[in-house]
Amino acid sequence: MRSLDDLARVLGRIERRGYRAYREIRGAWSTGDLELHVDHVQGDPFAAPSRLRLRLGQSAARLPEDLWRSRVRRTALQDFLARAFRDAIRRAGTGRRGSGKSGLLHVDAGGQEVLERTAVRVTSAWVETRLSVGLPATGRSVLGSEAQEILCRELPRLAEQALCWERVAQDEARRLVACVENQEHVRERLDALGLVAFLADGAVLPRESGASDRPLRRDAVPLRAPEALRVEIEVPNPVDGRSVLRGLGIPKGVTLVVGGGYHGKSTLLRALERGVYAHIPGDGREGVITVRDAVKIRAEDGRRVEQVDIHPFVADLPGGRTTDAFCSEDASGSTSQAANIVEALEVGARLLLLDEDTSATNFMVRDARMQALVTADREPITPFVDRVRELYERLGVSTILVMGGCGDYFDVADLVIRMDAYVPEDATRAAQRAAAEHPTARRTEASGPLRPATERIPLPERFDPSRGRHPVKIEAKGRDLVLFGREAIDLRAVEQLVDPSQTRAVGYAIQLARSRWMDRKRTLREVLEALEAALDAEGLDILDPLRRGEGHPGDLARPRRYEIAAAINRLRTGTFLTP
């Protein structure tokens, strides 16, 4: 392995040469315990930045073993170190030094959620940061002296500041690791406690604004559980000197969240949506923990639906069209919401989260007056109110539903939480009294018993990632769009994607699943289970189809199987076999 002094000499020699001369710096360079790996050199200063890895031996980093001894702790420590490196870049004030992206440094660190990422990797031998660097140029000529400053001096300083235990904010590191470990411990306990979610006393649910995911600091009302719903859960790391968290436990079954407008109903549900992920200390939602298999369901006008059995919710359509293998290039609000539910159940969802604000009205309920005017023999839709109890009693799938305008759900709810100025109250008995005093005249419209979702088999040839001369061309455009080969996958309605790096990983996950496990025999659930097992065993690095050896695996964050399935179901070329 060549030294950083050798790298400096190469950069001096190619000063002012054409930009392609930077290819000479590919490879590994070292100084002491630090290695610099240049895995990819950009083609010109306006292209995507070059990919580099900084690897520091544990003899110099000295990261305490207790902080990475388990998978959960390792993920949390790696998250902390990525944030520390990003902060060190900001403090250093590095910026553009020439044309295009010259001089820009970037590491893929997180926001409010703590996700498994490829940005930092910790092992017993070393710690490694994967980053992007814009190699400096003027026009399209090499700025070797500027590159020397970045690669040979700035990056070693950043590695020392952000990867050496003696230089990082040790208390903050331990706090984040302990906080994440507590959240995952509670999540693992929920099922045994008969719960689908837990919200700790003191949690702050409102966000700073509609455009910010940071907590509201001013006038925020900390959550406090009503006595009837208060539970206690022990945690491995004391919080404010206590080893027990107290808060609101939401049990399995059908839970209704009601209240006036602007009193916090949807805010509560959004916190539960994000509660499938761990959060950083101080976010306000680090005490909001939801089971892993919770899926937000909404109407999605215009989405493609392919071979989905929506018959439990939408029976035979006019003209004799059956719905046991429903297809549409432009689904309505009600049919798309039905498909979203069935697709989530197909891959293992155990908790559905719904908000009336983003649901199709005719899918949620038909009142007695509408039933009298449009009789059941003329209406193919079975409203959700007539299926929600069956989902739990037959399939074991719980539901948390925000509803402010329809009391018909009082008859089917196990628990009713009323939000009053962001304070939750147990209103179950009051709702039962209201239902008894004001009985509904509507009739149940279920057309036969609810049956498990029909599992489909994806056809690998219909998930083609190629474009032009590229056998694999996958790009994420923000959080809501994946370009997969020649097709665009619209993920705007997939609300539990929280990071563009997750979206990028979704695209690569489809390609990996296609190449390894889509064999015209395995169902979609089986394909995704195999994918998850591989990610657990081999790590996220395997998602990058262009990676060679230990090369930089790209900026990836782990998505759940439900968001991968959502993307597969929205790919307009995707095709499935049904039994």
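Predicted model: local features only at pLDDT ≥ 70, side-chain atom pairs only at ≥ 80, totals over all residues.
Colleague: Thanks! Which exposed residues does H1 carry on the face turned away from its buried side?
Modeller: Let's find the buried side to begin with: in H1 (residues 4-13) it consists of Leu4, Leu7, Ala8, Val10 and Leu11. Down the helix axis these fall within an arc of 160°, so they line one face of H1. The face turned away from them carries Asp5 and Arg9.

Colleague: And which strands and helix do the buried residues of H1 pack against?
Modeller: Contact here means heavy atoms within 4.5 Å. By that criterion, the partners are strands S1 (2-3), S2 (27-31) and S3 (34-40), together with helix H4 (144-163).

Colleague: Within what arc do the buried residues of H11 fall?
Modeller: The residues in question are Thr428, Ala431 and Ala435, in the helix spanning residues 428-437. They line one face of H11, because seen down its axis they fall within an arc of 65°.

Colleague: Which residues are exposed on the other side of H11?
Modeller: The buried residues of H11 have a cover that includes strands S24 (415-420) and S25 (423-426). On the other side, the exposed residues are Arg429, Ala436 and Glu437.

Colleague: One last thing: is serine 501 buried or exposed?
Modeller: Serine 501 sits in helix H12 (residues 500-516). Leaving aside residues up to four places away in sequence, it touches Asp108, Arg117, Asp555, Leu556 and Ala557. Its relative accessible area is 3%, so serine 501 is buried.

Technical notes: Residues numbered from 1 in each chain as written. Heavy atoms only, no water. Buried < 20%, exposed > 50% of the residue type's maximum accessible area, 1.4 Å probe, protein only. Helix = DSSP H or I, 4+ residues; strand = E, 2+ residues; numbered from the N terminus. Arc of directions from axis to C-beta.
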